[in-house]
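The sequence and the structure are displayed first.

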Amino acid sequence: MAPIVSVSNLSKTYASGFEALKGVSLEIEEGEILALLGPNGAGKTTLISIICGIVNPSGGEVTVNGHDVVRDFRQTRAMIGLVPQELTTDAFETVWNTVSFSRGLHGKKPDPAHIEKVLKDLSLWNKKDNMLRELSGGMKRRVLIAKALSHEPRVLFLDEPTAGVDVSLRKSMWEVVERLRAAGVTIILTTHYIEEAEEIADRIAVINGGEILLVEDKNALMAKLGRKQLRVDLAQPLERIPDSLSSYNLTLEDNGQSLIYDYDTSAERTGITALLAALAETGIRLRDLSTQQSSLEDIFVEIVEAGR
Amino acid sequence: MNIEAIKSIYFFEMARTRRTLLQSVVSPVISTSLYFIVFGAAIGERIQEIDGVSYGAFITPGLMMLTLLTQCIGNGSFGIYFPKFTGTIYEVLSSPISMLEIVLGYVGAAATKGLMIGTIILITASLFVDLSIAHPFAMIFFFVLTAVTFSLFGFIIGIWAKDFEQLNLIPMLVVPPLVFLGGSFYSVDMLPPFWRAVSHFNPVLYLISGFRWSFFEISDVNPLASAVIILAFLAICMAVLTWIFRTGYRLRN
């Protein structure tokens, strides 16, 4: 299947001379949720802005559903919804008017039933006649999402959608995202909350310094890069690691109460069986065992550090 | 053509006019009335008719132009500057809408508002003085063309401006002197020859003169020259805008 968004060799140098993107290539499949991760200033927002038509590219090409974003901007922009990072709203407009305005801008005829559904889905219906300046930050964020959904986009960009949003609201936002995915909408999101990407994304792209460092299926990435840690709590504390266990590269923690063993889940042999046997042979009695998987956050930090 | 988008921008802008009705409509009416009281009644009593037209009537076209220019530049610039300032411009830029359509929406609304206020001033003026319009079509021609041209000019200022000071620079510092020295309140024939010659370099003189001619058939310059000047200024504004859209100047950079 052809990708719905295809970015090839995209570059952007701002007038100040800052090179925000250095030959980025990326393909986004229809219906997937792609999380775009990267530290501040990595180029995430510039990439999104070019795809959406807000910033002119310096070089390279972007197509959405086969249409070039510069040449065929009418087709591409009609398909795209954008929720920007900044909470930018017309303070003196009502929720209803501003959401209807967005639909009109995208060339769609007024459809009060659709606007009503969007507002209800985002728990904004009882605020529809309020001016935007009367709303809390979390509600304004939802208004921006409602604006982006007002014209029924096929591709939705969420730029840091949960920044400054409380936990319960964040959960309800992800429910909306799930519903959109179920309806076949392609979603690209940037986030600083890596656990969110871990929870909802299908694929992860990591960008830093204007370059894509990696694009992977989330599970494959976790499996490939995920290191696991076995923690062995001991019945009697050890002063030092016995020589008979020196080949296992163990570390002693908690004043000798615990042994930590790092292993690779994708390795042919994890060495766990042998380690446990060696522990029994050495006469070390165990109190408890636990394992811990490295999170996407650890992986992310590792990739970005390695890229430096 | 994305008609829905043009309509959306146009009505969105007009809604702002409704919200700020007092400031948008009532204040120009009050300031015009003040001009009539001060210039028309107090000073006008002591000034004889100019070319057979009473002084109060004589200044009406100039007053309309003064307000039209200020309003159109103000609305045209604010309409596009404000979304740039708050950041909501992202939405217009990411919509399937061409720059021409953006201009039609914003400039259309700014010009409409200018024309509405100009008309209100005309009605207010008719309460103070006897007015007749000798060439209604020419009057509408100058009225509409000036509104559109200066709304476009304002739109350019709004794109160019980086802060509120720059936004107000031209409407506050450049336009009033040009209008006041462009024969709003006098005929340039009343000036000494040197200043009369200098006045002919002021483009606003041509606007006011042409507009006044459409009312009273009296003018400082040939009405055709007035028409040419306003059309030329319109062409310049359109050329500048075309360049802005081609390069993405201060919008997509």
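## Annotated spans of chain B

Residues 137–160 of chain B are 100% helix and 0% strand, with end C-alpha atoms 34 Å apart. Helices (H or I, at least four residues) and strands (E, at least two) are DSSP runs, numbered from the N terminus. The model is predicted: local features need pLDDT of at least 70, side-chain atom pairs count only at pLDDT 80 or more, and totals for chains, interfaces and linings use all residues. Residues are numbered from 1 along each chain as its sequence is written, while chains are lettered from A and ligands numbered from 1 in the order in which they are written.

The span 137–160 is among those that UniProt lists, in an unreviewed entry, as "transmembrane region"; the record gives residues 21–43, 55–82, 103–125, 137–160, 167–186 and 224–245 of chain B. UniProt positions follow the numbering used here, feature names are shortened, and annotations may be inferred rather than shown by experiment. For residues 55–82 of chain B, the composition is again 100% helix and 0% strand, and the end C-alpha atoms are 40 Å apart. The UniProt annotation "domain: ABC transmembrane type-2", also from an unreviewed entry, covers residues 19–248 of chain B. Over that range chain B is 78% helix and 0% strand, with 31 Å between the end C-alpha atoms.

## Largest nonpolar core

A nonpolar core is a set of buried Ala, Val, Leu, Ile, Met, Phe, Trp, Tyr and Cys residues joined through C-beta atoms within 7 Å. A residue is buried if 20 or more other C-beta atoms lie within 10 Å of its own, exposed if 12 or fewer, and partly exposed in between, with C-beta atoms placed from the backbone. The largest such core has 133 residues, of which Ala35(A), Ala146(A), Phe157(A), Met65(B), Tyr106(B) and Val107(B) touch the most other members. Helix H3 (residues 55–86) of chain B gives the most to this core, with 15 residues.

Apart from its neighbours within four places in sequence, Ala35(A) is in contact with Leu189(A), Thr191(A), Ala197(A), Ala201(A) and Ile204(A).

## Domains and sheets of chain A

Chain A is divided into domain 1 (5–222) and domain 2 (226–294), with bounds from an automatic or database domain assignment. The C-alpha centres of these two domains of chain A lie 45 Å apart.

An open sheet of four strands in chain A has the order E2-E1-E4-E5 with antiparallel pairing; two strands pair if DSSP finds at least two bridges between them. Strand E2 (19–28) and strand E5 (67–68) of chain A stand at the edges with a single partner strand each, so one side of each lacks a neighbour in the sheet. Strand E1 (residues 5–13) of chain A is joined to E2(A) by six bridges and to strand E4 (residues 59–64) of chain A by five. Val5(A) has Ile28(A) as its bridge partner in E2(A) and stands opposite Val64(A) in E4(A). E4(A) and E5(A) form a hairpin with two residues between them, and Asn65(A) in the turn has a positive phi of about 50°.

Strand E11 (residues 227–234) of chain A runs antiparallel to strand E13 (residues 258–264) of chain A, joined by seven bridges, and Arg231(A) stands opposite Ile260(A) in E13(A). Strand E12 (residues 251–253) of chain A pairs with E13(A) in the antiparallel sense over three bridges. E12(A) and E13(A) form a hairpin with four residues between them, where Asp254(A) in the turn has a positive phi of about 50°.

Asn9(A), in strand E1 of chain A, has a phi near 55°, a positive value in a residue other than glycine. Asn9(A) is partly exposed, with 13 other C-beta atoms within 10 Å. Glu160(A), whose phi is near 50°, is found in the loop between strand E7 (155–159) and helix H6 (167–182) of chain A. Glu160(A) is partly exposed, with 19 other C-beta atoms within 10 Å.

Terms used:
Contact = placed C-beta atoms within 7 Å.
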